[in-house]
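Please look over the structure shown below before reading the briefing, and keep it in view while you work through the points.

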Amino acid sequence: MSGIAVAPVRPQSFLAFDFGIRRVGVAVGNSMLRRAQPLKTVAAEGEARFAAIGALVAEWQPDALVVGVPFHPDGAAHENTQRARRFGRQLHGRFRLPVNEVDERYSTTEALAQGAADVDAASAAVILDQFLRDLP
């Protein structure tokens with residue numbers, strides 16, 4: 001029997017971020033399980049924030065990053081929309097990984113409804129779950 005050998009597709013892994021001025025929630029997940037897991041909250045600013053995120057990138061070695069971008073309930077952008085997008089550009093510039101944006105409206109509300117102990121990390125997981133659901 002002849003045929004063409006097909007290499008197995010390797011699942012992609014992702015780190016997701018719920019950006020905040022004082023804290024950034026972080027979650028991890030992959031395209032095979034399509035389920036996110038809250039990791040931790042980085043409660044640092046400036047270079048210390050990026051050093052902590054760099055340690056997570058080194059540990060988890062994601063294929064891409066996901067950043068939650070907030071909008072008003074009507075879909076309009078606001079000040080934090082631009083801050084989150086800037087954070088995504090900074091992640092891309094520092095770690096040279098693709099960065100995907102996800103509309104994160106109500107992620108904190110959902111994390112609180114789930115009874116999360118670490119709301120920021122749980123919000124990042126909600127964001128990543130949404131991204132993973134939308135993968136082809």
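Predicted model: local features only at pLDDT ≥ 70, side-chain atom pairs only at ≥ 80, totals over all residues.

Helix α1, which covers residues 46–60, packs against helix α2, which covers residues 79–95. The largest nonpolar core has 20 residues, and α1 gives the most to this core.

**How the two helices pack**

- Two packed helices are described by the angle between their axes and by the distance between those axes.
- For α1 and α2 the angle is about 60°, and the axes are 12 Å apart; α1 and α2 are therefore oblique to each other.
- The crossing in which α1 passes α2 is right-handed.
- On the α1 side of the contact stand Glu47, Arg49, Phe50, Ile53, Gly54 and Val57, and these meet Phe87, Gln90, Leu91, Arg94 and Phe95 on the α2 side.

**The nonpolar cores**

- Within the largest nonpolar core, the residues with the most contacts inside it are Leu15, Phe17, Ile53, Phe87 and Leu91.
- At least two residues of this core come from each of β1 (13–18), β2 (24–30), α1, β4 (64–69) and α2, and the contribution of α1 amounts to four residues.
- When neighbours within four places in sequence are left aside, the residues in contact with Phe17 include Val24, Val26, Ile53, Leu65, Val67, Phe87, Leu91 and Ile127.
- There is also a second, separate core of 13 residues, and among its members are Phe14, Val66, Ala125 and Ile127.

- Ser13 is found in strand β1, and it counts as buried because its relative accessibility is 17%, where buried means under 20%.
- Not counting residues up to four places away in sequence, Ser13 touches Gly29, Asn30, Trp60, Gln61, Pro62, Asp63 and Ala64.
- Ala43 lies in the loop between β3 (37–42) and α1, and it counts as exposed because its relative accessibility is 63%, where exposed means over 50%.
- Not counting residues up to four places away in sequence, Ala43 touches Arg22 and Arg23.
- Ala43 and Ile21 are separated by 22 residues in sequence, while in space they lie 9.4 Å apart, C-alpha to C-alpha.

Key: Residues numbered from 1 in each chain as written. Heavy atoms only, no water. Axes fitted to C-alpha atoms, helices over the stretch in contact; angles between N-to-C directions. Parallel < 35°, antiparallel > 145°, perpendicular 65-115°, else oblique. Left-handed = near helix turned anticlockwise from the far one by under 90°. Contact = heavy atoms within 4.5 Å. Core = buried A, V, L, I, M, F, W, Y, C linked by side-chain atoms within 4.5 Å. Buried < 20%, exposed > 50% of the residue type's maximum accessible area, 1.4 Å probe, protein only.
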